[in-house]
Amino acid sequence: MGFHTLKDVLQEQLEDLHSAETQLVEALPTMAEHAHHDQLREAIEHHLEETRGHVKRVEEALGELGVTSPSEVCKGMKGLIAEGEELLHKEGDPSAKDAALIGAAQRVEHYEIAAYGTARTLADQCGLDGIKDLMDQTLDEESEADSLLTKLATGGRFSAGINERAGEGNA
């Protein structure tokens with residue numbers, strides 16, 4: 001596929017997102033299993049359900065472009081997932097491992113936020129309001145997931161976060 005129009009670029013971005021989200025659907029259950037803190041495990045499991053919805057939204061957007069069999073492979077997500085999987089097999093304090101897991105998950109979220117922002121902008125420039133709205137919905141969920149991971153890492157108003165618990169091992 002070449003890039004002759006903005007729709008071509010949008011299609012490539014959506015196919016890449018489809019691959020990324022499909023890879024995450026496969027990877028998130030393993031990440032959830034390795035989370036030590038219940039809140040982190042629950043957050044990952046919740047995001048897995050959202051991610052299944054993201055796949056459907058991207059498929060709907062691709063359908064609007066007439067694409068039924070996306071063929072793009074997201075190499076960026078492959079790399080992010082591989083890095084995250086390396087963390088799962090390291091020894092150490094459970095809170096420190098969860099802090100590392102949160103860091104890996106946030107890198108994934110930031111990658112997705114950038115990709116969905118690009119797709120939303122392209123859809124808007126192409127006058128494809130339906131696709132723009134689908135991307136906005138997912139972008140909001142990805143941003144919320146990132147914020148939740150930050151809250152889990154740093155703690156709420158009345159409790160210490162995972163990062164602080166990990167630091168207690170050094171005291």
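1. Basis of the values. Residues are numbered from 1 along each chain as its sequence is written, and side-chain values use heavy atoms, with hydrogens and water left out. Because the model is predicted, local features need pLDDT of at least 70 and side-chain atom pairs count only at pLDDT 80 or more, whereas totals for chains, interfaces and linings use all residues.

2. Overall fold. The chain holds six helices and zero strands, where helices (H or I, at least four residues) and strands (E, at least two) are DSSP runs numbered from the N terminus. Its C-alpha trace spans about 60 × 30 × 20 Å along the principal axes. Of the 171 residues, 43% are buried, buried being under 20% relative accessible area, exposed over 50% and partly exposed in between (1.4 Å probe, protein chains only). Among contacts (heavy atoms within 4.5 Å) with a separation of 6 or more, 76% join residues 24 or more positions apart.

3. Helix α3. The 14 residues of α3 (residues 75–88) should span 20 Å at 1.5 Å a residue, and the end C-alpha atoms are 20 Å apart, which agrees; the expected span is 1.5 Å times one less than the number of residues. Met77, Leu80, Ile81, Gly84 and Leu88 are the buried residues of α3. Seen down the axis of α3, these buried residues fall within an arc of 95°, so they line one face of the helix, the arc being that of the directions from the helix axis to the C-beta atoms. Their cover includes α1 (6–34) and α4 (94–125), while Lys75 and Glu86, on the other side of α3, are exposed.

4. Two residues. His18, in helix α1, counts as buried at 15% relative accessibility and, leaving aside neighbours within four places in sequence, is in contact with Val55, Val58, Glu59, Leu62 and Pro70. Glu85, in helix α3, counts as partly exposed at 37% relative accessibility.

5. Largest pocket. A pocket is an open set of points on a 1 Å grid over the protein atoms alone, where a 1.4 Å probe fits, with protein on both sides within 12 Å along at least five of seven lines; lining residues have an atom within 4 Å of a point. The largest pocket has a volume of about 210 Å³, volume being the space filled by probe spheres set on the points, which are joined across faces, edges and corners. Of its 16 lining residues, Ala43, His47, Glu109, Ala145 and Leu149 are the closest to the centre.
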